[in-house]
Amino acid sequence: MIYMSRLSLLLVALTLAVPVCAQQSFVERMNQGFKSRSPKAGEMLPDAAGFRADGTPFTLKDTRGKLTVLVTGCLT
Amino acid sequence: MRNVPGLEAIYRDYKNKNVQFLIIYKSIVHPGTNGVIDAFTKEERLKQLALAKKRLGTTVPIVSDSLDGDIVKALESAPNAEFVVDPEGKLVYRKFWHDPAALRTFLEERVGKVDNPTKVADLNMKLVFPKAGAPRGLVEPLKMPGRMAILNTAPELQEDAGAKDEAPPFFAKLLAEADRKAMSGGEGKLYLGFYLDPVYQVHWNNPAGGLSFSINDPNDAGFEPVVGQTPEYKHETDVDPREFVIDFQAQKRGAKLRLTVRYTICDDNGKFCMPVEQHYTLEMTRKRGGASRAGQWMTELVGDPMSYDKNGDGLASRDELPKQRAMIMLLHYDRNHDEAIDKVEAALFYDMTRMEQAKSRAVKKDKLPRARTGGGH
């Protein structure tokens, strides 16, 4: 009986622990992916194109000449 | 972009110290959050940019990624990452999630400290939400039936600029998802959500008839068209998404279908009302890097936000939320931007049905009650 209740407790603890681990690993996974794939300090920034607020073309190379802070984001 | 005030403060302190700042506006991570959905055209993206500038109240210059996300792909960027690049184009600093305090420390070391640094509180920045032309929250969000994947969809845009009659823009935009069975050609579930794009400032014209859709397979004459129609709404207008979850069988894996949608909208300023018919290619294949219906995955990740309301005041505040998840939870649920989640905000996205399903599955399997996902203990 005692054995059963301990087993039950263990199962409950595991059930509680698994989702928490999954949540932590989600952000951690994103972070790890970013760390391994995104350009690292010391590497040249790759070039890619977008456009400015007036619709004219913009490329990452356009930022050369000054120390540049780039932050990505959207409206949400 | 919750940390824009922090970035704004640094921008004001360093913009005249030979440092340039750019926000790269990218595709929407979670369509539907704050009513924003991804642009179909460059013109729409430019309108979103203007909206972002107004809403965020920032003076930091904003540029846009391409519609295909070329910049984000090249940088392998996270949703809200930051990078500092030296004048020669070499990366000197990067952060997975924009962190104003860490960025300021970096710039202080690299460029030098400033006298009297700008404080966020001094900026008194508030998010500005344009007044909606019609009420929100009158049509209850649908409960999602289970795990679904975002489908590849493509609007049939008017390519010929010199066409005689200019086609109306996609006032309502489609987000389609399907479960594994439906994607493999078997009997499964298909989610269709039509979201009004806020850049157009229009609302549904309910008395003129609801929204209807039909799905055909242009390559299979034997495919029985699938049709759907919203119920009759008693209220005249609103701006809520029109959503459907239907039983669906595409007959074959990865089928390329054609969806036609019809609806009527009115301009918020009373200039026009018009019926619209538009078409999409609907591919029963998983979209890479796509973003699911707002809040859907959050349900799985964190469960009921109100379970974190420790003092019982009806608000799950930043202090009460688990530290590691507070930022991401507020990002998704906190629609009035008061740094807390209230019951209405929680109910909007929290999908009780799915949690109940998960619980009942667990009971059957383990004969034990299962904790809600993300109980936050």
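Predicted model: local features only at pLDDT ≥ 70, side-chain atom pairs only at ≥ 80, totals over all residues.
Reader: Which residues of α1(B) are buried?

Author: They are V4(B), P5(B), L7(B), E8(B), A9(B), I10(B), Y11(B), D13(B) and Y14(B).

Reader: What do the buried residues of α1(B) pack against?

Author: Contact requires C-beta atoms within 7 Å. The partners from chain B are β1 (19-25), α2 (42-56), α4 (100-110) and α5 (120-123), and chain A contributes β3 (67-73).

Reader: How do you know that β3(A) and β1(B) pair, and in which sense?

Author: Two strands pair if DSSP finds at least two bridges between them. Between β3(A) and β1(B) there are 7 bridges, in the parallel sense. At one of these positions, G73(A) has Y25(B) of β1(B) as its bridge partner.

Reader: What is the order of the strands in the open sheet?

Author: The sheet has 7 strands, in the order β2(A)-β1(A)-β2(B)-β1(B)-β3(A)-β3(B)-β4(B), and its pairing is mixed.

Reader: Why are β2 of chain A and β4 of chain B called edge strands?

Author: Each of them, β2 (57-59) of chain A and β4 (91-95) of chain B, pairs on one side only. From one strand to the next, the twist averages 30°.

Reader: Which strands does α2(B) touch where it packs on the sheet?

Author: Helix α2(B) touches β1 (49-51) of chain A, together with β1 and β2 (62-65) of chain B. The direction of α2(B) makes about 145° with that of β2(B).

Reader: Which domains does the assignment give for chain B?

Author: Domain 1 covers 4-123, domain 2 covers 149-157 + 167-286, and domain 3 covers 296-366. The centres of domain 1 and domain 2 of chain B, taken over C-alpha atoms, are separated by 34 Å.

Reader: How many residues does each of these two domains give to the contact?

Author: Domain 1 of chain B gives 11 residues and domain 2 of chain B gives 10. On the side of domain 1 that touches domain 2, 5 residues are nonpolar, 4 are polar and 2 are charged.

Conventions: Residues numbered from 1 in each chain as written. Chains lettered and ligands numbered in written order. Buried ≥ 20, exposed ≤ 12 C-beta atoms within 10 Å, placed from the backbone. Helix = DSSP H or I, 4+ residues; strand = E, 2+ residues; numbered from the N terminus. Domains from an automatic or database assignment. Nonpolar A, V, L, I, M, F, W, Y, C, P; charged D, E, K, R; others polar. Axes fitted to C-alpha atoms, helices over the stretch in contact; angles between N-to-C directions.
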